[in-house]
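Work through the exercises below with the sequence and the structure at hand. Each task is followed by its solution.

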Amino acid sequence: QAILAQAKLKNLYRVDSSRSSHYFVLTAIRAMSQPGGKPSARQEALAGGKIHVIKVGTSTLLTNDEVGGQKVSLSNISRLVELIASLRKSGDHVVLVSSGAVGMGCLKLGLSQRPTGPGVKQALAAAGQSRLMRLYEDLFSVVGVNVAQLLISRDDFSDKARFLAVRNTFWALLRLGVVPIVNENDSLSAEHVANFGDNDTMAAMTAVLLQADWVFLATDVDFLYTANPKEDPNATPIYAVEDLSQLKLVGLEASSSQWGTGGMATKIIAARIAVCAGVHCGLVNGEVPERIGQMIRGKKEGGTHFVALQGCASAVQDDHNRWIITLPPSGSLTLDRDGYNAVLTHHRIRTGMLLKCSGEFSHDEAVALFFDGKEIARALVRMSSAAITEEMTRSMVGLRDFTRELQSAGIYLDGYSSWRKGGHKGASGEMNAEVLRQLEQDGGVIKSETPESSGHQSSVITDGSDIALMCTATIKEADRKASSDKRVLSGSYPQVKRGETPAGL
């Protein structure tokens, strides 16, 4: 009661009649675990406002000139700057993710076409980034807004310490009233080194990093459509998307200018990253930046709104989960029903729950978790792919050996013999546990009594906190299960009524 009373005075928690009392004790302890019960760094940065991440691409910044070349679209950029200044004046904070360094480099060097070759992209980015920042500095100074340049790379998200360091830099700039202008560090990136792939993904990851309220992806169409509107006259606009897994579109992979520089498919991927972390995502026409303000105010005509997932299971509650969502998966694991249930309840996942292991990854790397053909989560693994495959192979020792039958028929398969020893996938592809279980039901597998096949199962994912859900249906199912479990627990704990302090603790 004392903990809750102090937390209530400091306005560090809210009473919800659907929660039981033990939940509020834990929430209050977390909130007051900081020295002096101070608000979080994000709360200090917000100062009562919201955080919006706005991404603009080359198609918004540059336009065709009269002779078929490229020129800076001062109209688009000026209106964007005015919008950001308006949001800052209202008390909100803005982070601008801007492409265009390579295109500006071509303009600066007088190149009519983008050249190719080793290091050319990096050189053009180095030449164009200074021109791009000078343009932003000049325009923002007119409306009295200070800006700062941040060049980041995929490595800044892959390492947790750097992830938190970048976040603290962002929040410090926001507290100072500065608008960070972000771009990938193309001038120092190598082609063979993992990068973001596009600035849509980087914008979504930045929004997750900052616990932003919105991320806006500027393109050159008004909405997300059921098909490419320039090719299909029957294409209709989509105003809101509440479940990305149910989205069925045509022509997403087309890389034409009317579909944006990175393609609409990359924007869908970015939206998925954002909404799974509780961040609203808006798709807007970069030529009409005022529509960003309309979407913030709730007008559906502004663009396509990808609705953020909310709920007890979907809420990303700590930096660890946010970090996992931003990690690129190095491989994938396909789960059986037991594994899927373990994901729903945030329990550990063992090798016996795996149907398939794909890709090559090491201990403590991120993987995608699949069930029923869909990616349902991202997770940190505590075993390498080699160790997982080896343990799964040991569980196959009961599979009947058909070597003699094959040889008697004149068939000699070296790959099959190698696979029997655990060193080859086999002539017909990988034999996974799902196929083995079907064979077992059909009598094709002889049960083994060895400890290796029926005994110890290693933990692939040792803690539920290492799992971040990435599928709308899975999140909703986890929410329902968590609510059901909560109702069961509530019989042992006193209930909290709205506006009251729990008693009997």
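Contact means heavy atoms within 4.5 Å. Helices (H or I, at least four residues) and strands (E, at least two) are DSSP runs, numbered from the N terminus. The model is predicted: local features need pLDDT of at least 70, side-chain atom pairs count only at pLDDT 80 or more, and totals for chains, interfaces and linings use all residues. Residues are numbered from 1 along each chain as its sequence is written, and side-chain values use heavy atoms, with hydrogens and water left out.

**Exercise 1.** Describe how H9 packs against H13.

Solution. First, take the geometry: H9 (residues 160–175) and H13 (residues 319–326) pack at an angle of about 105 degrees, with axes 11 Å apart. Angles of 65 to 115 degrees count as roughly perpendicular, and H9 and H13 are therefore roughly perpendicular to each other. Then list the residues: Lys-160, Phe-163, Leu-164 and Arg-167 of H9 meet Asp-319, His-320, Arg-322, Trp-323 and Thr-326 of H13. Finally, sort the residues of this contact: 3 are nonpolar, 2 polar and 4 charged (Ala, Val, Leu, Ile, Met, Phe, Trp, Tyr, Cys and Pro count as nonpolar, Asp, Glu, Lys and Arg as charged, the others, Gly among them, as polar).

Key. Axes are lines fitted to C-alpha atoms, for helices over the stretch in contact, and angles run from 0 to 180 degrees between N-to-C directions. Angles under 35 degrees count as roughly parallel, over 145 as roughly antiparallel, 65 to 115 as roughly perpendicular and the rest as oblique.
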